[in-house]
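Biologist: Hello! I am new to reading protein models, and I would like to go through one with you. Could we look at it together?

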Amino acid sequence: KICKASDCNNVIIPRPTPGKPREYCSAKCRDREKARKYRKLRIKIGLCPQCGGDMDYPVSERKNKTSTSYCSKCKEYYKSRYEQLKLAQGMRRDLK
């Protein structure tokens with residue numbers, strides 16, 4: 001039997017004891033697939049897939065992008081996080 005996660009092709013070893021058969025090869029695959037389904041559900045009902053808040057449809061900085069992925073709060077959070085990471089990587093290069 002193969003793992004039920006959409007991005008995994010590992011073979012599942014059956015349990016020696018009776019009970020519910022395994023669907024995923026690991027807890028990591030199970031949790032990743034569960035989060036993926038939860039995000040899809042949030043998108044379907046019109047919420048931000050990351051935080052679950054209302055989508056306020058911020059203006060995209062990319063020209064050809066027609067839909068948004070996250071609400072403006074999440075977008076700002078990830079933008080500042082990216083800038084901090086970029087700054088930290090620049091500092092590491094300067095130390096070398």
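Biologist: Is Arg-32 buried, partly exposed or exposed?

Modeller: Let us begin with what we are looking at: this is a predicted model, where local features need pLDDT of at least 70, side-chain atom pairs count only at pLDDT 80 or more, and totals for chains, interfaces and linings use all residues. Residues are numbered from 1 along each chain as its sequence is written, and side-chain values use heavy atoms, with hydrogens and water left out. Now the general idea: buried means under 20% relative accessible area, exposed means over 50%, and partly exposed is in between (1.4 Å probe, protein chains only). Arg-32 has a relative accessible area of 29%, so Arg-32 is partly exposed.

Biologist: Which residue forms a salt bridge with Arg-32?

Modeller: In general, side chains of opposite charge can pair when their charged atoms come close. The cut-off here is a side-chain nitrogen of Lys or Arg within 4 Å of a carboxyl oxygen of Asp or Glu. For Arg-32 the partner is Asp-7, with the closest N and O atoms 3.2 Å apart. Asp-7 lies in the segment before helix 1 and Arg-32 in helix 1, so this pair ties together parts that are 25 residues apart in sequence. Asp-7 is partly exposed, because its relative accessibility is 47%.

Biologist: You mentioned helix 1. How many residues does helix 1 have?

Modeller: Helices are DSSP runs (H or I, at least four residues), numbered from the N terminus. Helix 1 has 18 residues and reaches 26 Å from its first C-alpha to its last, close to the 26 Å expected at 1.5 Å a residue. That expected span is 1.5 Å times one less than the number of residues. Just after helix 1, Gly-46 takes a positive phi of about 85°.

Biologist: Which residue forms a salt bridge with Arg-36 at 2.6 Å?

Modeller: That is Glu-33, with 2.6 Å between the closest N and O atoms. Both lie in helix 1, three residues apart, about one turn of the helix. Glu-33 counts as buried because its relative accessibility is 9%, while Arg-36, at 24%, is partly exposed. Arg-36 also forms a salt bridge with Asp-7, at 3.4 Å between the closest N and O atoms. That pair links distant parts of the chain, 29 residues apart. Together, Asp-7, Arg-32, Glu-33 and Arg-36 are linked in a network of salt bridges. A search of the whole structure finds five salt bridges.

Biologist: How many aromatic pairs does the structure hold?

Modeller: A pair of aromatic rings is described by the distance of the centres and the angle of the planes. Rings of Phe, Tyr and Trp (its six-membered ring) pair if their centres lie within 6.5 Å; planes under 30 degrees apart count as stacked, over 60 as edge-to-face and the rest as tilted. The structure holds two such pairs. The rings of Tyr-70 and Tyr-78 have centres 5.9 Å apart and planes at 40°, so this pair is tilted. Tyr-77 and Tyr-78 form an edge-to-face pair, with 5.0 Å centre to centre and 75° between the planes.

Biologist: Is Tyr-77 buried, partly exposed or exposed?

Modeller: Tyr-77 is partly exposed, because its relative accessible area is 47%. Tyr-70 also counts as partly exposed, at 33% relative accessibility.

Note on methods: Helices (H or I, at least four residues) and strands (E, at least two) are DSSP runs, numbered from the N terminus.
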